[in-house]
Amino acid sequence: MKRTVALGLLYSRSGSYARISDACRTGALGAIEKINADPGRRIAFEAVERDPGGNVDLYGPLCKEILRDTEAHHIIGCVTSWSRKEVIPTLEKFDGTLWYAVPYEGFEASDHVVYLHSCPNQHLLPLLDWCMPAYGPRGYLVGSNYIWGWEINRLARETMHARGGEVPGERYLPIGSTDIDRMIEEVRATAPDFIINSLIGPSSYAFLQAYAELGREDARFRPESCPVLSCNLTECELDEIGPEAAEGLVAAGPYFRDGNGAFGSSHEAAASRAVHALANLLEHAPESDAQNIAALLKSPVGLRSGIDAKTHHCHQPALIAQVREGTFRVIEDGGVLPGDPYLTQPRPKGTTPKLRVIR
C-alpha cells in the first residue's frame, strides 16, 4: 500500500507572470499524476494548493498556512525572486523546503530552497560567450524593476565591462508596466549590438512587439543584426508575444522542446523534475518526509540525485536557442554545467565560438 505525502503547490493562476506559473503548475501536477499511477512507487502525493493571485504580499502567509495547517513539509512554487525571498523566513521557521523551478539571478544558497532551474553560470554567461564574439561588445540592458532585473543586468554589465564591452543604456519598468516608448527610442538612438531583456510578463511582450516594429522600420534592429537575448523566455510565452515579434529571439536555458520534447517548456520540465526528485528521496527514506532537505540530500539517494548537497543547485545543460518559424531551435550546446551560484569556479575552456561573418 502506498504512503500518501502532502505536497504544497504555491503558484499564482493570475497576474503578470501567470503563463510561467501555469507552466510550472502543469509540470508539477503531471508528475504527481504519474507518480500516483505508478504501481512501482511506494508513495503517492496529495497536492495542497494555494493561489496568491499574483500578489507578492500573499506568498508568505500562504506558505505559512501550508506548513502550519497541513501535513506538507515541501512546497513546489514561486516564480519571481521577490516571492521566493518572501517565503524563505517562513520556510526557516517551520523547517520547510521550497522547490524552485524557475531561472534565477544567483548569489543565494538557502538551506530551505532547492534550485531546479539555471543560475547565471548556466544561462547568462554562456549567452554572453556566444553573443559578444559574434555580434559585438555593446549591449543595451532592459529589465523589470525588481531583484531579477537588477541582478541579471548588474552581472551582465560587470561581465561585459570585464571583456572590454560597453553598456550604452539601461532601463527598468515596474512589473506589469507596458510604457516602453522611452526604451525603444533609446535603443534607436544608441544602436547597440544586442539587447539583454530581463523584463517579465506584459512588459516583456510589449517591448518585444515594439522592437519588432522598429526592426521593420530599420534593418539595424533585426535579429540578424541586433538580437534580443533572454535568460527566462521559454515556449510558454511565445503565443503571448506573437509570431512576428518572437521570430529571431535568442534564449538560454536547460531545456527547449525543439519539436519533439516531452515538456512544453523548461519551466514545466523543472517542476516535473522537482516532484520526481522529491519522490525518489522520500520513498527511499520512508519515515523522513518531515526531515529538512539537508538530511534528505545526504542520503545515498540524495547523493545520486544531481542536486548539490551544499548549494542545493542542480547540474543543468547550458543550451542556447533561437526562435525560428515560431519554435525555439537549439543553436549552441554548452554541455552540462554544475550550478555555481556565487561564480566561484573557473569558466570551462573552449566555450567561445568562432566569429560569424555578417554579410
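**Close-up 1. Glu108 pairs with Lys85 in a salt bridge.** In this predicted model, the closest N and O atoms of Glu108 and Lys85 sit 2.7 Å apart. The pair links distant parts of the chain, with Glu108 in the loop between β4 and β5 and Lys85 in helix α3, 23 residues apart. Glu108 is buried, at a relative accessible area of 8%, while Lys85 comes out at 35% and so counts as partly exposed.

**Close-up 2. Glu108 also meets Arg84 in a salt bridge.** Here the N to O distance between the side chains is 2.8 Å. Arg84 belongs to helix α3 and Glu108 to the loop between β4 (97-100) and β5 (113-115), so this pair ties together parts 24 residues apart in sequence. Both Glu108 and Arg84 are buried.

Close-up 3. Glu158 is partly exposed, with 42% relative accessible area. Elsewhere, salt bridges with shared partners join Arg84, Lys85, Glu105 and Glu108 into one network.

**Close-up 4. Helix α2 packs against helix α3.** The axes of α2 (residues 59-69) and α3 (residues 81-94) are 8 Å apart, at an angle of about 30°. Angles under 35 degrees count as roughly parallel, so that is how α2 and α3 run. Tyr59, Gly60, Cys63, Lys64, Leu67 and Arg68 of α2 make the contact with Ser83, Glu86, Val87, Thr90, Leu91 and Phe94 of α3. Sorted by type, the contact residues are six nonpolar, three polar and three charged.

Notes. Residues are numbered from 1 along each chain as its sequence is written. This is a predicted model: local features need pLDDT of at least 70, side-chain atom pairs count only at pLDDT 80 or more; totals for chains, interfaces and linings use all residues. Side-chain values use heavy atoms; hydrogens and water are left out. Axes are lines fitted to C-alpha atoms, for helices over the stretch in contact, and angles run from 0 to 180 degrees between N-to-C directions. Helices (H or I, at least four residues) and strands (E, at least two) are DSSP runs, numbered from the N terminus. Angles under 35 degrees count as roughly parallel, over 145 as roughly antiparallel, 65 to 115 as roughly perpendicular and the rest as oblique. Contact means heavy atoms within 4.5 Å. Ala, Val, Leu, Ile, Met, Phe, Trp, Tyr, Cys and Pro count as nonpolar, Asp, Glu, Lys and Arg as charged, and the others, Gly among them, as polar. A salt bridge is a side-chain nitrogen of Lys or Arg within 4 Å of a carboxyl oxygen of Asp or Glu. Buried means under 20% relative accessible area, exposed over 50%, partly exposed in between (1.4 Å probe, protein chains only).
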